[in-house]
Amino acid sequence: MSPLQAPRHITYIPLTDLPPDPGNPKKHEIERVIKSIQDHGFIETPVVDERTSLVISGHGRRIALIEMQSRGEPVPHGLLVDDDGGWLVPVTRGWSSQNDRQAHAVLILLNRLGAAGGWNPGPLAEILEDLATSDTELFDSLCISDDEMEELLRQVDPEGLPQGPDNGDQDKDRGSDDFADDGFGDTGDNERAAGVCCPSCGHLFSPGR
């Protein structure tokens, strides 16, 4: 019996051989994608439609890699290099669309599914609080705005967070006057605000810059 052929498999192909779908309607924050790859390596593999040989998922990652290579940046972790110095990208192969309509529907669907379910505020706030207070570099890599953090903290029970309300009174006394007027938003030079105060418990986060 011959071995079963895997319906999906990952293979490395030249970055130059990863053609985008010209009809892709998705916008991308390329600098954020680049920063993510720089911080954590190339994790999520693009998907190629076998029928069209076009990218069905991964357009932003493709553009980010092309830009990184043009800037002369080091090869990201997760990629390989061919004999000529070209970058080889891992891609998922084996899926074929039935027609162009299905290809475009799946292209949109794959971009929408990840964010469709939303977040559980409690567990998310607990993880973010830990990152914000113990590893600011990792927290900053998430590019979460002060307004987003404030809105999240409004949805959670402060007693459920590791910092809890006990430390909140001290932090609130220390930070309430200093941060009353800044709205936890961006400063004029796009620097991150000095802190985000939990509106429930008063705990002051100081994430990064």
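Predicted model: local features only at pLDDT ≥ 70, side-chain atom pairs only at ≥ 80, totals over all residues.

I sorted the lining of the largest pocket by class and got 18 nonpolar, 14 polar and nine charged residues.

The lining has 41 residues. I looked up which sit nearest the centre of the pocket, and they are Arg32, Val33, Ser36, Glu44 and Trp119. Its volume came out at about 1,600 Å³. Next I checked which elements give two or more residues to that lining, and found H1, S3, H2, H3, helix H4 (121–134) and helix H6 (146–153). H1 gives the most, with six residues.

Then I went to H2, which runs over residues 59–70 and has 12 residues. From first C-alpha to last it reaches 17 Å, close to the 16 Å expected at 1.5 Å a residue. Which residues of H2 are buried? I noted His59, Gly60, Arg61, Arg62, Ala64, Leu65 and Met68. These buried residues pack against H1 (30–40), strand S3 (55–57), strand S5 (87–95) and helix H3 (100–116). Just past the end of H2, I saw that Gly72 has a positive phi of about 80°.

Last, the whole chain. I counted seven helices and seven strands, in the order β-α-β-β-α-β-β-α-α-α-α-α-β-β along the sequence. Of the 209 residues, 38% are buried. Among contacts with a separation of 6 or more, 71% join residues 24 or more positions apart. For the accessible surface I have about 12,800 Å², with 50% of it on carbon and sulfur atoms.

Notes
Residues numbered from 1 in each chain as written. Heavy atoms only, no water. Helix = DSSP H or I, 4+ residues; strand = E, 2+ residues; numbered from the N terminus. Expected span 1.5 Å × (residues − 1). Buried < 20%, exposed > 50% of the residue type's maximum accessible area, 1.4 Å probe, protein only. Contact = heavy atoms within 4.5 Å. Areas by Shrake-Rupley, 256 points an atom, 1.4 Å probe, with all protein chains shown as cover. 1 Å grid on protein atoms, 1.4 Å probe; cavity = no way out; pocket = protein on both sides within 12 Å on 5 of 7 lines; lining within 4 Å. Points joined across faces, edges and corners; volume = space filled by probe spheres on them. Nonpolar A, V, L, I, M, F, W, Y, C, P; charged D, E, K, R; others polar.
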